Amino acid sequence: MCDHAKHIGRGRMVRLSNGLIGALNVITLMLSIPILGGGIWLSQRAATDCERFLDVPLVALGVFAFLVSLAGCVGACFRNSCLLWLYLVVMLLLIVLLVCFTIFAFVVTNKGAGHAVSGRGLPEYRLGDYSHWLQRRVESAKNWRSIRSCLVQGKVCKSLQNQNQTWDQFISDNLSPIQSGCCKPPSACNFTYMNGTAWTKPPGFYSSDLPDCNSWQNDPSTLCYDCQSCKAGVLANLKHDWKKIAVINVVLLIFLVVIYLIGCCAFMNDKDVFC
């Protein structure tokens with residue numbers, strides 16, 4: 001009698017855990033389809049380096065999520081121990097990778113902040129304030145060519161050019177880190193303001209101490225895109241984005257750990273079912 005009750009209770013637990021695993025993976029499976037479709041659409045329609053940069057990761061993420069979710073659904077719904085075991089191994093690896101990436105993101109983005117310029121409301125950014133790992137990423141000529149091309153094609157400075165602000169309006173404007181670093185010369189250059197992307201540079205100007213001032217040009221395709229301040233602005237923007245991603249990863253990790261524990265429960269209570 002007791003054994004029969006235990007068997008019934010165990011059967012209910014198996015059905016419950018398998019049902020939860022199946023339902024959660026059906027949701028993930030449905031979400032992977034638009035991700036995969038978006039990646040394929042971008043690969044067909046990409047016109048800029050920025051768009052091309054996104055298509056491969058999106059397709060890879062969509063395929064990975066689809067296959068893992070499919071394995072979880074089939075393993076749970078048909079009580080296939082082999083597929084459940086494979087699913088749990090992949091989930092464990094994913095959890096470990098997410099933990100490592102989240103810790104890494106917090107570590108490499110811990111340093112770096114904008115510096116207020118006396119008499120101006122605009123913060124400016126210095127490349128040396130960021131972690132050495134991030135600095136190496138933007139100082140690589142190959143990497144920076146792609147980033148620079150993305151900035152130019154994305155017309156990040158176009159709004160400043162069209163606003164025709166007065167000097168007082170400009171210094172009180174809320175510029176993004178990229179606009180502050182890439183669309184204007186550093187304040188130390190002391191160039192004369194004309195508009196958001198045009199400054200009067202003295203003829204024959206050269207400074208061995210201020211290389212960013214030498215790099216500045218009023219040409220919309222040049223501006224300060226080759227300046228150290230622009231690279232620092234990109235890193236400031238990246239730091240902000242990575243912080244948000246790291247917080248999202250913490251929430252995702254909790255979700256994945258819960259699914260993993262439910263999957264372990266389903267697998268352990270389903271030992272008698274073989275492939």
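These legends walk you through several close-up views of a predicted model.

**View 1. A span from the UniProt annotation.** The unreviewed UniProt entry marks residues 20-42, 54-78, 84-108 and 245-269 as "transmembrane region". Take residues 84-108: this span is 100% helix and 0% strand, and its end C-alpha atoms lie 36 Å apart.

**View 2. Lys231 and its surroundings.** Lys231 belongs to helix H10 (residues 228-268). This lysine is buried but has no salt bridge; Glu139, the nearest side chain of opposite charge, is 6.1 Å away. Leaving aside residues up to four places away in sequence, Lys231 touches Leu127, Val138, Glu139 and Trp144. Lys231 also lies over the face of Trp144, 5.6 Å from the ring centre.

**View 3. Trp133 meets Trp242.** The whole structure holds 11 aromatic pairs. In the pair of Trp133 and Trp242, the ring centres are 6.2 Å apart and the planes stand at 40°, so the pair is tilted. Trp133 sits in helix H4 (residues 132-139) and Trp242 in helix H10, so the pair ties together parts 109 residues apart in sequence. Trp133 is partly exposed at 29% relative accessible area, whereas Trp242 is buried at 16%. Ring pairs join Phe101, Phe104, Trp133 and Trp242 into a cluster, and Arg137 lies over the face of Trp133, at 4.6 Å from the ring centre.

**View 4. Thr166 in its loop.** Look for Thr166 between helix H6 (158-163) and helix H7 (167-171). Thr166 is partly exposed, with 45% relative accessibility. Its C-alpha atom is 9.0 Å from that of Gly196, although Thr166 and Gly196 are 30 residues apart along the chain.

Definitions and conventions
Residues are numbered from 1 along each chain as its sequence is written. This is a predicted model: local features need pLDDT of at least 70, side-chain atom pairs count only at pLDDT 80 or more; totals for chains, interfaces and linings use all residues. Side-chain values use heavy atoms; hydrogens and water are left out. UniProt positions are given in the numbering used here, feature names are shortened, and annotations may be inferred rather than shown by experiment. Helices (H or I, at least four residues) and strands (E, at least two) are DSSP runs, numbered from the N terminus. Buried means under 20% relative accessible area, exposed over 50%, partly exposed in between (1.4 Å probe, protein chains only). Lys and Arg count as positive and Asp and Glu as negative; His and the chain ends are not counted. A salt bridge is a side-chain nitrogen of Lys or Arg within 4 Å of a carboxyl oxygen of Asp or Glu. Contact means heavy atoms within 4.5 Å. Rings of Phe, Tyr and Trp (its six-membered ring) pair if their centres lie within 6.5 Å; planes under 30 degrees apart count as stacked, over 60 as edge-to-face and the rest as tilted. A charge sits over a ring if NZ of Lys or CZ of Arg is within 6 Å of the ring centre and within 35 degrees of the ring normal.
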